[in-house]
Amino acid sequence: MRVSRAKQKLLAGEMVVGTHISIPSPMVAEVCGLLGFDFIIIDLEHGLFNPETFVDIVRAAENAGATPIFRPIKNDPELMLPYLDNGAMGVWVAGISSAEDARQVVQAVKYAPLGSRGMTAERISMYRLGPSAKEIIRHVNDNTIVSLGIEGQQGIDNLDEICAVEGVDVVGIGINDLAAALGHPGQVDHPSVQEAIARVVGKVRKAGKVAGIPSYDPATARKYYDLGVRYTWTIVNNLIARGGKSYLEGIKAFSEKA
């Protein structure tokens, strides 16, 4: 059974860095793992993935050392279960507004006694060809990551109760949706949004949970790191766009002068 590098680093208090993919390509996931990203968020909410491609992406991430987690369409245990049973080692569930929302995620991801997830003979249990059910339950509960996204005022208002839910590992912030909810769409750097981010991070850390937030460049990651964030991620599309732009601009700088 595979051990989650991302979960180990979380427990050790280290910085955990991932990337979000909406491109249905195992090769992309494998490259991200080989680059050294700790986890990969497979975006089922905004991306188009068929089940077979999803499993291949999970395998590619695992083989390259990255922990595969996914973003479900919504906070629904029935929708999450097939992806968990076929190898995903955690979730990023956005739009969490209450402790009940948080408990529902934990119940979906964890086996008893932490949750109510049903046992299976699918990939996560090594098709019943490996360890005992008892060992699988312990291993999965120890290695899965429950990460939750706060995206609105209600989530901020109920943050203490959300953080108190047993089994939650990361409480993060969906910065673009939060900015819109606070009346500043497209303005994540607005002082009111940044002040809300700082308050959320502070409360999450005080509650003993790991604070998470996306960061699309090292300077932004450093700013949030100094606030206490220890879980961050970028987006593959942005990496491709910025890398491609930098490459083309570099060539144009000398070729257009010739």
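The questions and answers below concern a predicted model.

Q: Why is helix α2 called roughly parallel to helix α3?
A: The axes of α2 (residues 26–35) and α3 (residues 51–63) come within 8 Å and cross at roughly 20°. Angles under 35 degrees count as roughly parallel, and therefore α2 is described as roughly parallel to α3. The crossing in which α2 passes α3 is right-handed.

Q: Which residues of α2 and α3 meet, and what classes does the contact hold?
A: From α2, Pro-26, Ala-29 and Glu-30 meet Asp-56, Ile-57, Ala-60 and Ala-61 of α3. By class, this contact of α2 with α3 has 5 nonpolar and 2 charged residues, with no polar ones.

Q: Why does Gln-194 count as buried?
A: The relative accessibility of Gln-194 is 17%, and buried means under 20%, so Gln-194 counts as buried. Gln-194 lies in helix α10, which spans residues 191–206. When residues up to four places away in sequence are not counted, Gln-194 touches Val-188, Asp-189, Lys-223 and Tyr-224.

Q: What makes strands β4 and β5 a pair?
A: Two strands pair if at least two bridges are found between them, and β4 (residues 90–93) and β5 (residues 145–150) have 4 bridges, in the parallel sense. Trp-92 has Ser-147 in β5 as its bridge partner.

Q: Which way do the residues of β4 point, and are they buried or exposed?
A: Gly-90 and Trp-92 point one way from β4, whereas Val-91 and Val-93 point the other way, and all are buried.

Notes. Residues numbered from 1 in each chain as written. Predicted model: local features only at pLDDT ≥ 70, side-chain atom pairs only at ≥ 80, totals over all residues. Heavy atoms only, no water. Axes fitted to C-alpha atoms, helices over the stretch in contact; angles between N-to-C directions. Helix = DSSP H or I, 4+ residues; strand = E, 2+ residues; numbered from the N terminus. Parallel < 35°, antiparallel > 145°, perpendicular 65-115°, else oblique. Left-handed = near helix turned anticlockwise from the far one by under 90°. Contact = heavy atoms within 4.5 Å. Nonpolar A, V, L, I, M, F, W, Y, C, P; charged D, E, K, R; others polar. Buried < 20%, exposed > 50% of the residue type's maximum accessible area, 1.4 Å probe, protein only.
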